[in-house]
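Visitor: I would like to take a close look at one single part, and then to see what surrounds it.

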Amino acid sequence: MGARLAAAIVVAVIAAPWIAAATPGPDAEAILRKTYDNYRSQSSESTVAMTIHRPAWERHLELKGWTRGQDDALVRFTAPAKEAGSATLKLARDTWVYNPRLNQVIKLPASMMSQSWMGSDFSYDDLAKSEEIITDYTHRVVAVSQAAGHSVWTIEATPKPGAPVVWGKVTLNIRDDYVILEETFFDQDMKPARRMTTGKVGLIGGRPYPVSMTMSPLDQPGQWTRTDTGDARFNAALPSWLFTLSNLQNPR
Amino acid sequence: MLAALAWRNLWRRPQRTILSLVSIALVTALLVFMLSFQNGVYGAMKSATLRIFDGYAQLQPHGWADDPTLDRAIEQPRALARQAEGLRGVAAAPRVNTFAILAHGERSYGAAVVGVDPDREQRISSITSTIETGRYLAAGDSDAAVLGVTLAKNLDVAVGGDVTLLGEGRDGSVAADVLHVVGLYHSGVPDLDRTILEMPLARAQQTFGMAGAANTIALGGSSLAVVDRAIPALRTLSRRAGVSVLDWAALEPALRQGIALKYAVAMMFYATLVVVVAFIILNTLLMSVLERTREFGMLLALGMRPGQIGAMVWLELLGLALLGCLLGLLAGGGATLWLEAHGIVYPVDPRLLAQFGLPTRLYPALTPFSALFGPVALIAAITVGGIAPYLRVIGLTPALAMRAP
């Protein structure tokens with residue numbers, strides 16, 4: 001009797017890892033990679049309306065955005081008149097801004113990258129370091145839930161040791177069709193500092209897409225920035241002159 | 001009667017009494033001078049630091065110190081500044097404070113941009129008088145700017161050059177401007193020389209969409225003490241205007257803490273000095289009490305109560321302490337006042353002193369606290385210590401005491 005119990009325990013202990021390995025959890029990094037591919041593809045061209053809300057006022061801006069691969073992006077504002085022509089170009093790790101009133105291109109100093117981008121709740125870093133969440137963090141699926149006929153992965157991303165990141169932790173909710181639903185940024189004290197939520201998922205360019213996204217700093221009630229994507233094309237061949245300093249200053 | 005006896009007893013051994021008096025007086029004088037000197041040096045440090053840029057105090061919108069955004073503004077800065085200047089000896093300078101990207105050619109740096117009224121600023125901030133090349137801003141300037149020497153070096157721009165400024169306006173829109181560099185200042189504070197650009201207030205209000213509003217009002221005046229005295233009046237004024245007043249300690253908390261720490265360390269030293277001297281004096285008196293045991297026995301036999309004798313001994317001690325402290329106060333206070341008028345030249349490299357924001361000539365500052373701390377502490381210590389001889393005396397019995405050797 002005793003021997004049989006001992007044998008059962010031995011079997012259980014030896015077998016446990018195998019049993020666990022037999023039902024592997026989804027690969028968090030692969031999910032993130034797919035989500036970002038779905039979001040930006042090889043290239044993208046989109047029209048976006050941006051609403052910046054403050055307790056005292058609200059502003060509406062319109063912009064056109066182009067991305068190439070994961071590194072390069074160009075954003076050009078088209079409205080209102082006061083901001084029309086303002087543009088931001090990001091190539092790999094460098095960011096430049098163009099101001100039509102000055103007719104001048106300015107390279108952003110590193111110390112200013114955490115500053116607000118065009119007065120919104122996004123920073124230049126959000127634009128420049130979109131890849132950071134994949135490359136500088138380790139990821140883990142911590143929960144799988146069901147919502148509106150989809151399963152939703154909750155992924156916890158913790159910074160790799162020594163990674164040059166400002167957040168203590170980031171959690172993401174991603175739908176099983178690789179649409180990001182929510183992203184929460186925690187500060188170094190592990191308190192949630194800001195949250196991006198997807199308000200509406202629609203079909204754009206033939207794929208499910210987070211059409212409306214809102215970024216809210218959690219310590220500033222009544223303050224948020226919403227982007228509504230009007231139209232987008234993916235994987236179209238974009239001319240390489242698009243992502244150049246001369247095109248930033250003198251758009252063709 | 002007891003006091004007269006005590007006084008006579010003190011002068012039965014004039015040598016011993018004078019020696020005791022001298023030690024009390026010396027320590028008192030030393031404490032008065034040291035505390036006054038510390039007062040003076042820290043005062044000089046405070047005003048030197050604050051005079052560079054902060055001002056002796058500031059009026060700020062509520063919450064500005066924690067979250068300085070253009071949204072937090074003083075809508076009627078001119079009227080408020082005028083009211084503040086209605087207080088005697090107070091000068092006020094409204095400022096627009098924000099951050100922007102400065103660019104010159106290929107170079108760009110983040111910097112603090114401060115819109116100032118040149119005439120008013122000259123009464124508050126010594127940046128106006130540390131111009132190394134070119135000139136400071138003047139009334140009537142429009143697209144002019146002065147930069148710290150380090151900031152100018154980083155941007156590779158010289159007097160006569162242009163800097164581009166790109167930031168965010170109060171309404172969230174892009175704020176952009178091109179300014180002509182008219183001067184470079186060298187305040188000697190690396191953080192300021194590296195980060196601050198000053199431009200005319202009206203131009204800054206226009207560029208950043210402030211429409212006549214300001215973010216802070218820096219307050220100065222003839223001295224830090226004058227502005228400190230005006231703080232209660234400023235509080236009343238600011239409550240009505242819906243803004244906050246920050247005094248020097250709130251503007252420079254690190255300086256306040258540094259000074260508090262130095263005082264605490266010095267106080268430990270002073271306390272040790274007081275205790276040591278009190279013990280020396282007590283020891284002397286205890287010896288004199290032992291010497292006079294037979295005499296006390298006689299007095300007891302004659303009908304004096306032990307409590308009266310004890311009080312007499314205690315009065316001797318108190319008289320000694322009072323007289324010694326008075327002499328010390330006169331000597332220390334006198335010397336301090338003389339040095340206050342003439343200054344002390346510290347025999348070190350002036351550049352070293354400048355690093356700590358100190359002038360080459362230091363002036364002690366006699367205050368009621370620095371004058372009275374030493375005497376009061378000494379008298380208190382000696383009075384409390386006097387319990388020991390008192391207890392010894394009231395324990396005496398005539399028969400035994402009279403047989404003492």
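Visitor: Is Ala157(A) buried or exposed, and how many other C-beta atoms lie within 10 Å of it?

Guide: This is a predicted model, in which local features need pLDDT of at least 70 and side-chain atom pairs count only at pLDDT 80 or more, while totals for chains, interfaces and linings use all residues. Residues are numbered from 1 along each chain as its sequence is written, and chains are lettered from A and ligands numbered from 1 in the order in which they are written.

Ala157(A) is buried, because 25 other C-beta atoms lie within 10 Å (20 or more count as buried, 12 or fewer as exposed, and anything between as partly exposed, with C-beta atoms placed from the backbone). Ala157(A) belongs to strand β8 of chain A, residues 150-159 (strands are DSSP runs of E, at least two residues, and helices runs of H or I, at least four, numbered from the N terminus). Leaving aside residues up to four places away in sequence, Ala157(A) touches Ile133(A), Tyr137(A), His139(A), Lys169(A), Val170(A) and Leu172(A), where contact means C-beta atoms within 7 Å. Arg59(A), by comparison, is 98 residues from Ala157(A) in sequence and 33 Å away in space, C-alpha to C-alpha.

Stepping back to the chains, the contact between them takes 20 residues from chain A and 14 residues from chain B. On the side of chain A that touches chain B, the elements giving two or more residues are β5 (94-99) and β6 (104-107) of chain A, and the largest share, 3 residues, comes from β6(A). That side of chain A has 9 nonpolar, 6 polar and 5 charged residues (Ala, Val, Leu, Ile, Met, Phe, Trp, Tyr, Cys and Pro count as nonpolar, Asp, Glu, Lys and Arg as charged, and the others, Gly among them, as polar).

Within chain B, an automatic or database assignment gives domain 1 (2-49 + 255-402) and domain 2 (55-251). The C-alpha centres of these two domains of chain B lie 49 Å apart, and their contact takes 5 residues from domain 1 and 5 residues from domain 2. Of the side of domain 1 of chain B that touches domain 2, the largest share, 3 residues, comes from helix α2 (residues 14-52) of chain B. By class, that side of domain 1 of chain B has 1 nonpolar, 2 polar and 2 charged residues.

How values were computed: Two residues are in contact if their C-beta atoms, placed from the backbone, lie within 7 Å.
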